Amino acid sequence: MKKKLTVLFGLLFFFANSQRLQIKYDVQIDMSGMSAKPFNHCYLLDHSNGTSLQKKFLKKALPESVTDKNNSTSRIVKIGNDTTYVYKDFLKNSLYSEERIFTKTFLVADQLNIFSWKIEEDTLTVLKHKCRKATTRFRGREYIAYFAEDIPVAEGPGKFNGLPGLILKVMLVNSTAVFSAEAIELHLDSSIKDNLNPFANQKLTSFKDFKKEYNRKYAELESFSSEQSGGNASIKRGGLELLSDD
């Protein structure tokens, strides 16, 4: 078994450093679960030479208002930039991302080996690639992913990584909130590109400190809301990562 794992790691390393992958993902997001139609984003992922850079942006500009499933109309207030980045360095086991707590943006330094996957027998075809199913629980939420075994690189959309094949589809398991990313274009060639780290020379926050600040801010908001209401208020935490104090 150890020999097989060593061979697999060698294959992943060779492929990741000898091929360039360019993947376009169609992304649907509605963490409230109330929108009549989820917001449509795009991920552009460029993986080459042991690093990757992903650009995330809205496919269409945000409207001034949106109508939810109850036919209630709410005004949209834009916070921050529509375009964000995720940078992965597989040689250094490093992950950099833009995160937000309410209206404040943080540049967060994390690690890549943060997913614990369970590989299953189910399969799904994406862009003519037969993909195996895998499941994980990550920072308060459960996900299903499908990875292409014939593209042996441990890469994926967003922060997702760590499977023995390129993740072509991933979705949130939730009865209300919506998150899904599915590859709609895939280009593979032998060219090599050095992806520049947009987080280099920037002020970074460790994930540990970011999590501490995240919980501190939510605790402050809950305390303030409790004072205003005269009871114990509980604030619903949003986003893909629900960072408890645990």
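In which sense do strand 8 and strand 14 pair, parallel or antiparallel, and over how many bridges?

Modeller: Happy to. The model is a predicted one, in which local features need pLDDT of at least 70 and side-chain atom pairs count only at pLDDT 80 or more, while totals for chains, interfaces and linings use all residues. Residues are numbered from 1 along each chain as its sequence is written, and side-chain values use heavy atoms, with hydrogens and water left out.

To your question: strand 8 and strand 14 run parallel to each other and are joined by two bridges. Strand 14 covers residues 205–206, and T205 is the bridge partner of V108. Strands are DSSP runs of E with at least two residues, numbered from the N terminus, and two of them pair if DSSP finds at least two bridges between them.

Now look at the other partner of strand 8. Strand 7 (residues 94–101) pairs with strand 8 (residues 104–111) in the antiparallel sense, over eight bridges.

Strand 2 (residues 39–48) and strand 3 (residues 51–58) pair in the antiparallel sense over eight bridges, with H47 opposite S52. Two residues lie between these strands, and N49 takes a positive phi near 60°. Strand 3 also pairs with strand 6 (residues 84–89), antiparallel and over six bridges; there, T51 has D89 as its bridge partner.

What about the inside? A residue is called buried when its relative accessible area is under 20%, exposed when it is over 50%, and partly exposed in between (1.4 Å probe, protein chains only). A nonpolar core is a set of buried Ala, Val, Leu, Ile, Met, Phe, Trp, Tyr and Cys residues joined through side-chain atoms within 4.5 Å. The largest such core has 33 residues, and those with the most contacts inside it are Y25, W117, F160, L166, I167, V170 and F179. Strands 1, 2, 10, 11, 12 and 13 each give two or more residues to this core, and strand 11 gives the largest share, six residues. A second, separate core brings us back to the part you asked about: it has eight residues, including I101, V108, Y214 and Y218. V108 is also the residue whose bridge partner in strand 14 is T205.

A salt bridge is a side-chain nitrogen of Lys or Arg within 4 Å of a carboxyl oxygen of Asp or Glu, and the structure holds 15 of them. One joins K133 and E120, at 3.7 Å from N to O; K133 sits in strand 10 and E120 in strand 9, 13 residues apart. K133 counts as buried because its relative accessible area is 14%, whereas E120, at 22%, is partly exposed.

R132 takes part in two salt bridges you can look for together. Its side chain meets E121 at 3.8 Å. E121 lies in strand 9 and R132 in strand 10, so this pair ties together parts 11 residues apart in sequence. R132 also meets E149 at 3.4 Å. Since E149 lies in the loop between strand 11 and strand 12, that pair ties together parts 17 residues apart. R132 itself is buried, with a relative accessible area of 18%, while E121 is exposed at 65% and E149 is partly exposed at 44%. Salt bridges that share partners also join E99, D110, R139, K159 and E241 into one network.

Finally, the cysteines. With a disulfide taken as a pair of cysteine sulfur atoms within 2.5 Å, the count comes to zero. C42 is buried at 1% relative accessibility, and C131 is buried at 0%.

Technical notes. Helices (H or I, at least four residues) and strands (E, at least two) are DSSP runs, numbered from the N terminus.
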